[in-house]
Amino acid sequence: MAKPSFQAARIPGFATIAMLAFVALYLPILTLVVYSFNSEISMSNWGDLTLNWYAKAWANEQVKDATIRSLTIAGFAAVISTALATMAALGTTRRKAFKGQTFIYVVINQPLMVPEIVTAVALMILFGLIKTVTGVHGLGYLILAHSAFCIPFAYLPIRARLEGMDLTLETAAADLYASPWHTFRRVTLPLLMPGIIAGAMLAFVVSLDDVVITEFVKSAGQDTLPTYMLGQMRRQLTPEINAISAGLLALTVLMLTAFFLLTRKDD
Amino acid sequence: MKRLLTATALLLASTGLATAEGTLQLFNWGNYTSPELLAKFEKETGIKVTVTDYDSNDTALAKIEAGGHGFDLVVPSATYVQIFAEKGLTVPLDLAKLPNHGNIAPEWQNVSWDEGRKNSIPWQWGSVGISVNTDVYKGDPNTSALFLDPPDELKGKINVVPEMQDIIGLATRYHGGEYCSEDLEVLKKVRDTLMAAKPNWIAMDYGATEKMTNGDWAASVNWNGSSMRIRLDNDKVVYGYPKEGYPLWMDSVMLLKDAQNVDNAYTFMNFILQPENAAMISNFARYANGVAGSTEFMDPVMASAPEVVIPAEHVAAGVFPPTCNEKSREYMTAIWTELMK
């Protein structure tokens with residue numbers, strides 16, 4: 001294949017613009033992290049450097065509770081939605097288009113197309129009905145809701161990976177008397193792994209971040225970290241929020257780094 | 001796979017068990033409930049209170065209406081108390097179970113949106129007025145003219161919070177109209193005044209506590225508690241009570257119809273009607289409470305603050321805006337949409 005004659009990286013000023021873009025994106029977050037060490041409550045005054053707010057956040061029962069809940073829901077949602085998304089991707093790609101495929105595609109990606117508040121209210125009404133009729137409460141509803149809207153986020157990377165995969169490998173496996181299940185387990189799945197991991201990561205992060213749907217679907221005692229932070233907005237914000245945000249940021253960065261390192265051994 | 005299913009089933013069931021004996025589910029505004037109060041309550045009665053947050057009355061109303069929420073108590077604002085009661089989402093209080101009901105301060109025992117306090121008990125209340133930095137403007141702060149017809153010193157330095165009901169309410173009273181007016185003459189004047197004043201506002205945003213402390217804004221329509229906090233940082237800032245009329249707000253505790261822990265709810269409501277406990281709420285949320293005799297237990301800074309204890313000459317101008325009907329809300333929304341363009 002001929003090397004492309006146009007390379008974006010060669011445009012003069014590219015590096016500068018890239019740096020500026022990074023700064024513009026990350027400066028607010030950096031400011032947030034810096035002010036989490038501020039001993040003064042207001043962001044207009046700078047007091048002394050202190051780790052007080054981190055200690056406060058750590059000791060705050062509600063924060064701990066909300067964090068654990070957020071991570072639990074995100075974990076379950078990522079697993080469930082990735083499993084379903086993998087099946088969906090395998091079913092909808094690399095085959096002759098069948099009748100109603102576009103419709104299936106729309107249904108899978110519906111959470112991306114419909115405004116989040118609409119999904120949130122719809123789920124709230126549905127679950128409210130179910131809860132009143134069956135009397136079953138619990139975290140399951142939130143997990144279900146999160147899994148549902150995380151599916152398209154897991155689906156798209158996996159689908160992209162599948163489309164780029166070489167079909168001949170599977171045909172070769174079939175030629176060598178491998179059963180379809182065997183082919184899937186030993187050939188397709190390993191090749192698909194980077195896509196699945198990417199999809200799972202994305203689903204995890206999206207579920208962790210979610211505010212609107214969780215705010216509406218949650219019931220008694222089910223605050224997640226974002227909804228807890230939303231609830232704090234109406235009153236005076238203290239740097240405790242900064243500390244929590246910095247902690248969440250650190251966790252996300254750690255996770256992404258770990259995954260990056262784990263998946264670096266490429267095919 | 002099997003372990004996943006079992007874990008999911010357990011999670012599904014586990015939180016349901018939480019609404020057993022000795023618990024209470026309080027649905028309240030975020031950062032509005034003192035953890036010390038809840039700890040003291042648990043120590044005295046053994047009941048564990050779980051607080052779930054909401055950020056607006058509308059969210060709370062939507063969730064309660066949808067059903068299956070699992071809450072026992074909710075704390076809506078004044079106008080929403082009527083809405084909750086009328087929709088049958090809450091139940092009238094059984095006064096026999098509330099021996100401390102008489103502790104409610106006399107001025108709050110009969111409010112337009114809850115006669116005789118049969119449906120709700122006070123949590124916190126406050127007012128909407130104007131915070132002014134007297135270094136910039138030395139005139140009378142007790143008038144809505146400061147934002148509706150800004151004096152030269154405040155042009156381009158005054159902020160107006162984007163609260164539709166409060167701002168249009170203040171402007172309507174400024175023109176002598178009543179809250180929830182449907183009088184087109186008055187509303188036209190309101191709209192014209194607001195549109196003419198808008199170029200002189202520096203912003204329509206929240207955050208006065210920050211922005212006035214560091215001097216970015218010289219004045220702002222603001223809540224009294226926020227103004228007190230600014231004054232504690234910068235003592236040149238005073239809180240003005242518009243003499244033309246200013247809105248009061250109050251958040252009150254109501255008992256939900258499908259509450260699971262009714263007895264615990266009454267115990268809690270009785271508990272917060274005691275002056276020393278009401279004072280704990282005030283010390284945390286930094287607003288006034290509606291219980292008589294709580295001032296002696298409140299933080300001295302608050303007990304003496306003109307933002308918290310309304311000076312006698314300004315009391316009459318403060319009214320709770322009523323719940324506006326469809327027609328007047330339509331007018332307000334129309335004016336507001338035009339203003340926000």
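## Ala39 of chain B

In this predicted model, Ala39(B) lies in helix H2 (residues 35-45) of chain B. Helices (H or I, at least four residues) and strands (E, at least two) are DSSP runs, numbered from the N terminus. Ala39(B) is exposed, as 11 other C-beta atoms fall within 10 Å. A residue is called buried if 20 or more other C-beta atoms lie within 10 Å of its own, exposed if 12 or fewer, and partly exposed in between, with C-beta atoms placed from the backbone. Val49(B) is 10 residues from Ala39(B) along the chain, and their C-alpha atoms are separated by 8.7 Å.

Residues are numbered from 1 along each chain as its sequence is written, while chains are lettered from A and ligands numbered from 1 in the order in which they are written. Because the model is predicted, local features need pLDDT of at least 70 and side-chain atom pairs count only at pLDDT 80 or more, whereas totals for chains, interfaces and linings use all residues.

## Chain B as a whole

Chain B has 13 helices and 10 strands. Its radius of gyration is 22 Å, close to the 20 Å that the globule rule gives for 341 residues, so chain B is as compact as a globular protein of that length. The radius is taken over C-alpha atoms, and the rule is 2.2 Å times the number of residues to the power 0.38.

The C-alpha trace of chain B spans about 70 × 45 × 45 Å along its principal axes. Of its 341 residues, 47% count as buried. Among contacts in chain B between residues at least 6 apart in sequence, 74% join residues at least 24 apart. Two residues are in contact if their C-beta atoms, placed from the backbone, lie within 7 Å.

## Ser120 of chain B

Ser120(B) belongs to strand E4 (residues 120-133) of chain B. With 27 other C-beta atoms within 10 Å, Ser120(B) is buried. Leaving aside neighbours within four places in sequence, Ser120(B) is in contact with Val81(B), Asp114(B), Ser252(B), Val253(B) and Met254(B). Pro311(B) is 191 residues from Ser120(B) in sequence and 26 Å from it in space, C-alpha to C-alpha.

## Helices H6 and H7 of chain B

Helix H6 (residues 164-174) and helix H7 (residues 184-197) of chain B pack at an angle of about 115°, and their axes are 9 Å apart. Axes are lines fitted to C-alpha atoms, for helices over the stretch in contact, and angles run from 0 to 180 degrees between N-to-C directions. H6(B) and H7(B) are therefore roughly perpendicular to each other. Angles under 35 degrees count as roughly parallel, over 145 as roughly antiparallel, 65 to 115 as roughly perpendicular and the rest as oblique.

On the H6(B) side the contact is made by Ile168(B), Ala171(B) and Thr172(B), and on the H7(B) side by Val186(B), Val190(B), Thr193(B) and Leu194(B). These residues divide into five nonpolar, two polar and no charged. Ala, Val, Leu, Ile, Met, Phe, Trp, Tyr, Cys and Pro count as nonpolar, Asp, Glu, Lys and Arg as charged, and the others, Gly among them, as polar.

## Two residues with positive phi

Most residues other than glycine have a negative phi. Cys180(B) is not a glycine, yet has a positive phi of about 60°. Cys180(B) is in the loop between H6 and H7 of chain B, and counts as partly exposed with 19 C-beta neighbours inside 10 Å.

In chain A, Tyr177(A) also has a positive phi, near 70°. Tyr177(A) sits in the loop between helix H8 (167-175) and helix H9 (180-209) of chain A. Tyr177(A) is exposed, with 7 other C-beta atoms within 10 Å.

Chain A has 12 helices and zero strands. Its C-alpha trace spans about 70 × 65 × 30 Å along the principal axes. Buried residues make up 33% of its 267 residues. Of the contacts in chain A with a separation of 6 or more, 78% are between residues 24 or more positions apart.

Helix H6 (residues 116-134) of chain A packs with helix H3 (residues 57-66) of chain B at an angle of about 35°, with their axes 8 Å apart. Met124(A), Ile125(A) and Gly128(A) in H6(A) meet Ala62(B), Lys63(B) and Ala66(B) in H3(B). By class, this contact has four nonpolar, one polar and one charged residues. Thr134(A) is also in H6 of chain A, and counts as exposed with 9 C-beta neighbours inside 10 Å.
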